[in-house]
Amino acid sequence: MRPTVRALVRQAPLDLRLLDPTTRTDEPLSWVHSSDLVDPSPFVAASTMLLTTGSQFGVDATQDDYDAWVGRVVGAGVVALGFGAGVHRPDTPVELVLAASARGVPVVEVPWRTPFIAVARWAADQLAEEARDRDRWTLRAQRAVSVAAIGDGGLDAVLRVLGEQLGGSVVLHGTDAAADHGQVDQGQVEAEVARLLRRGARAGSTVTVAGAVVSLQTLGRRDGLRGVLAVRTPAELDTAARAVLTSVVALAEVTLERDVARLRGQRELWRQVWSLLVAGQVEVARSITRSVGVGIAAGPVVVALAAPPRDSPDRATEAVERLAAGRPDVFVALVDGRIAVLAAESAVDLPALAAAHRLRIGVSDVTDLDHLAGAAAQAGRALAVATSSAEESVVTWASLAAGGLVAALWSDGAAELASSRLAPVAALPDGDELLACCRTWLEHNGAWDPAARSLGLHRHSLRARVSKVESALGLPLDGFAGRAELWALLQAAGAGGGTGLR
């Protein structure tokens with residue numbers, strides 16, 4: 001415990017006297033200093049007790065002079081005063097006591113036979129003992145953390161012990177090993193976590209929330225951060241507490257890097273298993289997964305291919321991977337930057353998963369393990385459409401097949417080719433309107449009158465617009481072949497969002 005005025009006046013050998021017991025006597029003292037300067041404020045620090053013999057006050061000093069002097073030193077951080085009686089004044093000036101009491105600052109009278117150095121030495125001894133106590137606490141806390149680290153609880157146990165030792169709570173943000181040991185205020189803290197992760201550099205910060213301080217520290221190397229450790233405590237961490245936190249950060253970083261290496265190897269194994277499944281080597285794949293306690297669904301299954309968001313691919317991937325933990329009906333593999341999910345029918349709520357993690361997902365028809373290659377191709381085609389769609393995050397092969405052959409054959413390449421081929425029309429001032437007219441005309445089997453009525457145009461106006469498109473594309477539209485090609489171009493470009501006609 002830091003020294004206080006209350007503890008100081010209880011030291012009988014010093015024979016000190018507290019002149020106003022109604023003042024703040026429990027303020028912790030950081031040091032005891034002595035000065036008779038008219039303005040000692042530049043030479044004191046926060047939470048200082050200042051001793052003086054009063055030589056700076058002349059015999060004609062007024063209450064205003066005392067008020068001004070006390071105001072200066074209190075403004076500089078002085079929280080207690082001591083007056084040496086019997087040196088220049090037989091007793092402590094009443095004006096000094098009044099000026100200090102008005103600010104809640106205690107005044108202690110120091111008798112002539114008690115040297116100021118004795119008061120300063122007592123405070124120094126108390127501060128030294130406090131430092132030794134904190135050193136002993138640091139050793140105990142680090143020992144407790146070390147014991148937790150070598151136990152079976154892993155990083156989760158380490159963070160729990162850290163919270164207990166600091167008398168607060170700990171949250172590890174941004175990794176699949178996330179642990180919550182107590183309530184840490186959301187919102188403001190999560191915003192700061194996101195800011196630190198976006199920076200991509202090692203950093204620390206503090207956030208003040210209701211009744212507490214949250215200390216944040218990034219984990220991992222620069223441009224390879226693995227998360228942010230958030231420690232909530234009633235007050236800011238002191239040097240000893242930060243030393244313990246630093247040791248836990250180092251331990252957490254080693255653990256997370258080890259987990260990254262393990263995860264990398266595991267993902268490669270699952271990728272190989274996926275390759276075996278698609279190649280038809282189902283029993284070989286089963287024997288591998290069975291040996292490590294991972295299941296592959298039997299019976300009807302679906303294949304889903306998911307594309308994670310570009311700004312947080314790791315977090316989304318880890319979220320999907322957690323779906324398969326301990327489940328015999330879901331298998332997940334990371335293949336060429338896409339997440340492959342093999343699951344029993346209706347085992348995974350794919351729309352909810354897409355919404356929660358901003359995924360784009362393509363889904364195959366229900367199949368069996370002997371026909372996974374075809375199902376994977378279906379899911380891949382559906383994913384291509386989902387990736388380019390502004391509206392649908394989950395696209396099924398069934399919905400593509402329902403849209404006809406052109407929709408089912410849609411790809412990024414087809415969309416690019418269609419947009420390029422239609423570019424001469426799209427570049428015209430009324431290009432979108434011209435293409436819309438052509439689409440309506442083709443939907444009416446090339447019949448002029450019904451299409452014109454649908455558009456609210458005269459049939460000659462519609463003919464003029466179709467002719468304009470025919471001329472811009474160099475594509476004759478008076479026969480089936482040209483009309484079929486234009487329809488395919490409009491369908492492919494529309495599926496890709498290239499013309500705005502969908």
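Predicted model: local features only at pLDDT ≥ 70, side-chain atom pairs only at ≥ 80, totals over all residues.
Me: What makes the chain more spread out than a compact globule?
Reply: Start with its make-up. The secondary structure comes to 18 helices and 15 strands. The radius of gyration is 38 Å, while the globule rule gives 23 Å for 502 residues. The value is well over the rule, so the chain is more spread out than a compact globule. The C-alpha atoms fill a box of roughly 120 × 65 × 30 Å along the principal axes.

Me: How much of the chain counts as buried?
Reply: Of the 502 residues, 44% count as buried. The accessible surface comes to about 24800 Å². Carbon and sulfur atoms hold 53% of that surface.

Me: Which share of the contacts joins residues at least 24 apart?
Reply: Take contacts between residues at least 6 apart in sequence. Of these, 61% join residues at least 24 apart.

Me: How many side chains are positive, and how many negative?
Reply: The chain has 49 positive and 57 negative side chains. The centres of the two sets lie 3 Å apart.

Me: Why is T218 called buried?
Reply: The cut-off for buried is under 20% relative accessible area. T218 has 0% relative accessibility, so T218 counts as buried. T218 is found in strand 9, residues 212-221. Its contacts beyond four places in sequence include L196, A201, R202, A203 and L225. G227, V228, V249 and E253 also touch T218.

Me: How far is T218 from L428 in space?
Reply: The two are 53 Å apart, C-alpha to C-alpha. In sequence, 210 residues separate T218 and L428.

Me: Why does H173 count as buried?
Reply: H173 has 13% relative accessibility. The limit is under 20%, so H173 counts as buried. H173 is found in strand 6, residues 169-173. Leaving out residues up to four places away, H173 touches V189, E190, V193, R226, G227, V228 and A230.

Me: Why is L197 called partly exposed?
Reply: Buried means under 20% and exposed means over 50%; partly exposed lies in between. L197 has 24% relative accessibility, so L197 counts as partly exposed. L197 lies in helix 6, residues 188-199. L225, G227, V228 and R315 touch L197, not counting residues up to four places away in sequence.

Me: What is the span of helix 5, and what is expected?
Reply: Helix 5, residues 154-166, has 13 residues and reaches 19 Å. That is close to the 18 Å expected. The buried residues of helix 5 are L155, A157, V158, L159, V161, L162, G163 and L166. Helix 5 is followed by G167, whose phi is positive, near 65°.

Me: What makes the phi of S346 worth a remark?
Reply: Most residues other than glycine have a negative phi. S346 is not a glycine, yet its phi is positive, about 70°. S346 is found in the loop between strand 13 and helix 10. S346 has 70% relative accessibility, and the cut-off for exposed is over 50%, so S346 counts as exposed.

Me: Where does R358 lie, and why is R358 called partly exposed?
Reply: R358 lies in the loop between helix 10 and strand 14. R358 has 48% relative accessibility. That value falls between 20% and 50%, so R358 counts as partly exposed. R358 also has a positive phi, about 55°, although it is not a glycine.

Me: Why does S461 count as partly exposed?
Reply: S461 has 32% relative accessibility. That falls between the 20% and 50% limits, so S461 counts as partly exposed. S461 lies in helix 17, residues 459-473. The C-alpha atoms of S461 and A333 are separated by 56 Å. Along the chain, S461 and A333 are 128 residues apart.

Key
Residues numbered from 1 in each chain as written. Heavy atoms only, no water. Helix = DSSP H or I, 4+ residues; strand = E, 2+ residues; numbered from the N terminus. Buried < 20%, exposed > 50% of the residue type's maximum accessible area, 1.4 Å probe, protein only. Contact = heavy atoms within 4.5 Å. Expected span 1.5 Å × (residues − 1). Rg over C-alpha atoms; globule rule 2.2 N^0.38 Å. Areas by Shrake-Rupley, 256 points an atom, 1.4 Å probe, with all protein chains shown as cover. Lys, Arg positive; Asp, Glu negative; His and termini not counted. Charge placed at Lys NZ, Arg CZ, Asp CG, Glu CD.
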